[in-house]
Amino acid sequence: MNTKDTLLDILNDIDDSIDWKEQKGLVDERILDSFCVITLISDLEDAYGVEIEAAEMIPENFNSVDAIWNMITRLQEKL
């Protein structure tokens, strides 16, 4: 039910001026600041029923839509 499109909807709610599909350095290039990341984590946990622990909160997991999606699917597989 919750797909990659859900992820894009969540990101667009944070900032709809960003081309999320093309952007590759969301954290490294400071497109997502710490407040946005915390908001994103909360939204992802609610939408996908996963728990994103502190160890997952690294730039590599949040630098692109694909990286975020890979983290979500990996966490869902642990459920």
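Which residues does Leu-7 touch, not counting residues up to four places away in sequence? In this predicted model, Leu-7 touches Leu-44, Tyr-48, Val-65, Ile-68, Trp-69 and Ile-72, with residues up to four places away in sequence left out of the list.

**The chain as a whole**

- Read from one end of the sequence to the other, the protein chain follows the pattern α-α-α-α, and its radius of gyration is 11 Å, close to the 12 Å that the globule rule gives for 79 residues, so the chain is as compact as a globular protein of that length.
- The C-alpha trace spans about 30 × 25 × 20 Å along its principal axes.
- Of the 79 residues in the protein chain, buried residues make up 38%, while the accessible surface comes to about 4,900 Å², of which 47% belongs to carbon and sulfur atoms.
- When contacts between residues at least 6 apart in sequence are considered, 58% of them join residues at least 24 apart.

- In soluble globular proteins, nonpolar side chains tend to be buried together.
- The largest nonpolar core in this chain has 23 residues, and those with the most contacts inside it are Leu-7, Leu-44 and Ile-68.
- At least two residues of this core come from each of helix H1 (4-14), helix H2 (34-48) and helix H4 (65-77).
- Within H1, the buried residues are Thr-6, Leu-7, Leu-8, Ile-10 and Leu-11, and the buried residues of this helix pack against H2 and H4.
- At the start of H1, the backbone nitrogen of Asp-5 has a side-chain oxygen of Thr-3 within 3.2 Å.

**The aromatic pair**

- A search of the whole structure finds one aromatic pair, formed by Tyr-48 and Trp-69, whose ring centres are 5.8 Å apart and whose planes stand at 70°, so the pair is edge-to-face.
- Because Tyr-48 lies in helix H2 and Trp-69 in helix H4, the pair ties together parts that are 21 residues apart in sequence.
- Tyr-48 is buried, with a relative accessible area of 6%, and Trp-69 is also buried, with a relative accessible area of 19%, where the cut-off for a buried residue is under 20%.
- Both Tyr-48 and Trp-69 are among the residues that Leu-7 touches.

- A polar atom of the Ser-64 side chain lies 3.0 Å from the backbone nitrogen of Ala-67.
- Leaving aside residues up to four places away in sequence, Ser-64 touches Gln-23, Lys-24 and Leu-26.

- Most residues other than glycine have a negative phi.
- The phi of Arg-30, by contrast, is near 60°, a positive value in a residue other than glycine.
- Arg-30 has its place in the loop between H1 and H2, and at 71% relative accessibility Arg-30 counts as exposed, because the cut-off for an exposed residue is over 50%.

How values were computed:
Residues numbered from 1 in each chain as written. Predicted model: local features only at pLDDT ≥ 70, side-chain atom pairs only at ≥ 80, totals over all residues. Heavy atoms only, no water. Core = buried A, V, L, I, M, F, W, Y, C linked by side-chain atoms within 4.5 Å. Buried < 20%, exposed > 50% of the residue type's maximum accessible area, 1.4 Å probe, protein only. Helix = DSSP H or I, 4+ residues; strand = E, 2+ residues; numbered from the N terminus. Contact = heavy atoms within 4.5 Å. Polar contact = N/O pair within 3.5 Å; in protein donor to acceptor, adjacent residues only side chain to side chain. Rg over C-alpha atoms; globule rule 2.2 N^0.38 Å. Areas by Shrake-Rupley, 256 points an atom, 1.4 Å probe, with all protein chains shown as cover. Phe/Tyr/Trp six-rings, centres within 6.5 Å; stacked < 30°, edge-to-face > 60°.
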